[in-house]
Amino acid sequence: MSTHGPIIYVVDDDVSICKALSLLLKANKFRVATFTNAEDFLGFKHPKVQSCLVLDIRLPNINGFVLQEVMVQRGIITPIIFITGYGDISMSVKAIKAGAIDFLPKPFTEKSLLNAITLALSESKVLNRKQAGIAKIKQRIDTLSPRELEVFQFVAQGMMNKNIASKRGTSLQTIKVHRGRVMQKMQAKTVTELISLAQKAGITPS
Amino acid sequence: MKNKIIRKPRQTRVILPEKPKGPLLNIRIRNNLEEKVRQQTDELKIREGQLKLGADREKLGADREKIAEEQIHIRTKAMESTLDGIFIIDAKKADFPIIYANPSFFNLTGYSKSEVMGKSYFLLYGFDANLRIVEEIKQTLHQGKSFHGEMLNFKKNGEKYWCLLRIAPVRNAKGIITHYVGIKTDTSLMKQRDSEIEEQREELLHVTRVGKLAEFVSSLAHEISQPLTAILSYAQAAQRMLKDREPQLREILQYIINDDQRAAEVIRRLRSLLKKNKPTFETLDINTLTNDTVTLIMPHITAKNKVIRLELDSNLITIQGDRIQLQQVLLNLISNSLEAMEDSDSRELLIRTSLKDADTILVQVKDSGCGIPEENKPKLFAHFFTSKPDGLGMGLSISRSIVEAHGGHLEAENNPDRGATFYFTIPIHMKSDR
């Protein structure tokens with residue numbers, strides 16, 4: 001099996017379900033990693049490939065919903081498909097609202113699982129690309145000098161050059177020079193583009 | 001003759017001035033006279049004493065009469081003032097005629113005085129009367145015993161009312177029954193209140209039963225859906241692996257898949273059938289809710305010879321909650337405590353409400369029973385866990401899910417001395433669901 005194809009994580013405390021889903025997904029040419037609790041999944045080193053998580057809601061200690069929150073905190077970005085033996089509408093609404101791709105009541109068919117996985121993996125692709133884009137922007141930001149970074153932040157907030165100058169206590173000319181360099185290093189052709197880069201990198205609270 | 005005269009003291013004066021007839025005679029006469037005077041004086045003294053005694057007696061009799069009259073007056077007034085219907089039946093006549101009835105009796109039955117007096121008591125029961133009871137009353141009275149019973153009666157206008165009837169025989173000095181005295185009390189209001197309480201209790205029990213069943217089915221559905229999921233995935237994986245080979249095996253796998261889904265469908269339908277009733281949130285006063293719940297379970301508590309002590313904080317703020325569900329929780333905790341105290345000589349069960357902090361109400365149910373064994377603590381709130389021989393193991397797990405649905409927590413701990421305390425919190429401002 002390929003070592004860079006999409007990987008499907010399965011977290012379910014029922015060993016039999018882990019084994020069955022693993023067989024089913026491998027038969028569908030996916031790489032699979034199964035875990036019987038949330039802690040093991042969190043301890044796993046996640047390769048930066050397309051992936052999704054098939055997650056049981058009822059788990060010992062850390063349940064599915066809590067794991068979803070912890071993943072956001074730790075920056076583990078992989079779309080989630082919830083599975084549960086308690087088919088509850090309010091629960092599924094809660095899950096989808098929190099960003100889950102789908103919510104499958106047990107038992108689910110191969111077809112419905114594969115549909116959800118296809119959706120999740122394309123989402124994963126978008127997320128990964130976004131991640132990669134952000135990483136690239138952050139690399140560019142790293143090349144800025146402290147003063148340039150400061151000017152970048154002011155510009156990103158939509159401040160005029162003269163306002164920045166008076167705030168920094170320097171001449172308008174100096175600010176203009178800094179700003180030119182920021183544009184160059186960030187590879188932005190317009191101010192709008194620069195602001196958008198700042199937003200993507202989380203520089204300004206938009 | 002003389003004797004006669006002496007007995008009549010007024011005539012003695014006529015005798016006294018009798019003239020002496022000679023010296024000897026004189027002396028004799030004088031002696032006689034002195035003797036007589038002495039006698040008469042003594043007699044007079046006795047007579048006077050007798051007279052005085054007679055006057056006293058007369059006075060005493062008059063006083064007694066007055067007191068007796070007063071007492072009769074008070075008793076009559078009392079009988080006329082009481083809200084109970086009182087009547088007296090002449091026992092010497094076979095048809096039980098009423099010879100006295102107080103005003104409340106007329107109010108109660110709706111009959112006027114002229115319709116009642118001299119008529120048979122049992123005629124008043126009308127045609128709707130339960131003849132078996134009428135016969136029972138007659139039989140009891142014939143045996144010279146008192147009758148005591150509650151029954152449905154009808155007023156003159158046909159209106160129904162519940163009546164507590166007591167009839168007792170009245171005997172004369174020789175022990176012969178001369179009258180029957182009866183008291184009728186209208187118990188309709190009490191009866192209505194009792195039936196309201198009974199209705200509420202039934203409703204709560206029903207909800208509890210349905211809740212238990214729903215929780216049971218839900219848990220069962222989960223337990224079964226796990227292996228069904230695995231079976232389905234195994235079969236579909238095998239099908240995938242076989243691809244175009246072994247068509248017969250692939251067919252068998254398909255049968256497995258179909259039947260797996262059939263089982264899943266059964267569970268789905270069962271679950272939708274017992275879908276949990278959505279809690280209906282209303283503004284609630286925890287103290288009122290506690291009082292109501294205690295009223296419901298009171299007969300049970302009294303029957304077990306236990307007492308409930310309530311310590312309700314009067315400064316509590318109302319909360320938003322489902323009345324029936326929270327009553328269910330409280331009822332469950334109280335029942336558990338009673339069971340824990342079953343074999344205990346201690347009687348008291350304490351329910352306390354208080355403010356845990358500005359935003360949280362705390363409700364504690366403290367018993368003095370057997371306490372929670374250390375090894376049971378981790379499983380206490382788990383589905384199907386029970387320490388009772390006939391328990392389902394659903395009560396505490398349902399209670400916890402109800403309390404959590406209200407944004408609170410349900411916990412338990414053993415008391416330092418004896419028994420256990422179960423307590424739950426309810427936030428005053430319910431956090432909105434995400």
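Among the contacts in chain B between residues at least 6 apart in sequence, 59% join residues at least 24 apart, where two residues are in contact if their C-beta atoms, placed from the backbone, lie within 7 Å. Please keep in mind that this is a predicted model, in which local features need pLDDT of at least 70 and side-chain atom pairs count only at pLDDT 80 or more, while totals for chains, interfaces and linings use all residues. Residues are numbered from 1 along each chain as its sequence is written, and chains are lettered from A and ligands numbered from 1 in the order in which they are written.

Let me stay with chain B. Its secondary structure comes to eleven helices and twelve strands, these being DSSP runs numbered from the N terminus, with at least four residues (H or I) for a helix and at least two (E) for a strand. Of the 434 residues in chain B, 23% are buried, and a residue is called buried if 20 or more other C-beta atoms, placed from the backbone, lie within 10 Å of its own.

Now to a sheet in this chain. Five strands of chain B form an open sheet in the order E7-E9-E10-E12-E11, with mixed pairing, and two strands count as paired if DSSP finds at least two bridges between them. Why do strand E7 (307-312) and strand E11 (410-414) of chain B each have one side without a neighbour in the sheet? They stand at the edges, each with a single partner strand, so one side of each is left open in that way. E11(B) pairs with strand E12 (residues 420-427) of chain B in the antiparallel sense, over five bridges, and B:Glu411 stands opposite B:Tyr423 in E12(B). Across E7, strand E9 (348-357) and E10 of chain B lies helix H9 (residues 286-303) of chain B, running at about 175 degrees to E7(B); axes here are lines fitted to C-alpha atoms, for helices over the stretch in contact, and angles run from 0 to 180 degrees between N-to-C directions.

How confident is the predictor? Chain B averages a pLDDT of 82, and 88% of the residues score at least 70, pLDDT being the predictor's confidence in each residue, from 0 to 100. Over residues 1-21 of chain B, however, pLDDT stays under 50.

Finally, the two chains together. The contact takes 18 residues from chain A and 20 residues from chain B, and H1(A) gives the most to the side of chain A that touches chain B, with seven residues. For the complex, the predictor gives an ipTM of 0.74 and a pTM of 0.52.

Conventions. A residue is buried if 20 or more other C-beta atoms lie within 10 Å of its own, exposed if 12 or fewer, and partly exposed in between; C-beta atoms are placed from the backbone.
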